[in-house]
Amino acid sequence: FGEQTLAGKSVIVTAGGTRERLDPVRFLTNDSSGKMGYAVANAARQAGATVTLITAPTNLTAPAGVTVVPIQSTTDLSNAVLERFPKADALVMAAAVADFQPETTADQKIKKTPANDELILKLKKTPDILKQVAGIKRPDQVTIGFAAETQNLLANGQKKLASKSLDLLAANDVSRKDIGFNGDDNQVTFISPDGSTDQTPKASKAIIATALVDRLAQLLVKK
Ligand code: C5P
């Protein structure tokens, strides 16, 4: 049994890869398994927090004692987060949010015809949820983001942390085959607003999640 460092605190965790619908039977998504977010939700619950897990579809079972809010698209996720954030003490955005969404979703299945040898999809940028959250964030609230980078991990991470007004960023190098997305292990570099960095060893997502939750508890104490 871990210490109840988050007792009395309300934490929102987002997880999984969003689905952006093209038509009733097709969508665009990404490789996120949701494992990291579910591990964070579990660790926060173990630390005594009241946890809301806002999750895109995954193959995972939600940890016991956690309130689950299922969502599909970035728009759903944005609405769910913005509705609940004012009442939360902290938000951990582990969801792999789509960067682009179809400009329109067809009401009926898109058909192939003898005439169309190609189909051009028009995508538009999704809203940045953490940037929207930054606009309504109170000084007593903590926000933590993840960054999947394939190059310049630290420089890109620091920029991201500042642009999204985060209290902590967990950056991971997804160019490495042994960690990240679908695996059970991860290795992250925690980046703080003061520029300090701390790389975890390669470890299970459960252990990384516990390290993240320890930091979250410390950040809430300092607020
Ligand atoms: O900018 P980038 O997508 O790399 O940032 C990653 C972080 O921002 C993650 O925590 C992700 O959940 C969050 N994000 C977001 N809204 C988006 C895209 C990413 O909140 N539209």
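Let me start in the sheet. Strand 6, residues 90-93, is joined to strand 9, residues 142-149, by 4 bridges. These two strands run parallel.

Before going on, a word on confidence. This is a predicted model. The average pLDDT of the protein is 95, and 98% of the residues score at least 70. For the complex, the predictor gives an ipTM of 0.97 and a pTM of 0.96.

Now widen the view. How many strands form the open sheet, and in what order? There are 8, in the order 5-4-1-6-9-10-12-13. As a reminder, strands of a sheet pair through backbone hydrogen bonds, either parallel or antiparallel.

Which strands stand at the edges? Strand 5, residues 67-70, and strand 13, residues 197-199. Each has a single partner strand, so one side of each lacks a neighbour in the sheet. On average, neighbouring strands of this sheet are turned by 15° against each other, direction ignored.

Next, what lies across strand 6 and strand 9? That is helix 3. Its direction is at about 165° to strand 6.

Helix 3 also brings us to the helix pair. Two packed helices are described by the angle between their axes and the distance between the axes. Here, the axes of helix 2, residues 74-84, and helix 3, residues 129-136, come within 10 Å. They cross at roughly 20°. Angles under 35 degrees count as roughly parallel, and helix 2 and helix 3 are therefore roughly parallel to each other. The crossing of helix 2 and helix 3 is right-handed.

Which residues make the contact? From helix 2: Thr74, Leu77, Ser78, Val81 and Leu82. From helix 3: Ile129, Gln132, Val133 and Ile136. By class, this contact of helix 2 with helix 3 has 6 nonpolar residues and 3 polar ones. Charged residues: none.

Last stop, the hairpin. Strand 2, residues 20-23, and strand 3, residues 26-28, run antiparallel. They are joined by 3 bridges. How many residues does the hairpin use to get from strand 2 to strand 3? It goes through 2 residues. Asp23 stands opposite Arg26 of strand 3.

Technical notes. Residues numbered from 1 in each chain as written. Predicted model: local features only at pLDDT ≥ 70, side-chain atom pairs only at ≥ 80, totals over all residues. Heavy atoms only, no water. pLDDT = per-residue confidence, 0-100. Axes fitted to C-alpha atoms, helices over the stretch in contact; angles between N-to-C directions. Parallel < 35°, antiparallel > 145°, perpendicular 65-115°, else oblique. Left-handed = near helix turned anticlockwise from the far one by under 90°. Contact = heavy atoms within 4.5 Å. Nonpolar A, V, L, I, M, F, W, Y, C, P; charged D, E, K, R; others polar. Pairing = 2+ DSSP bridges.
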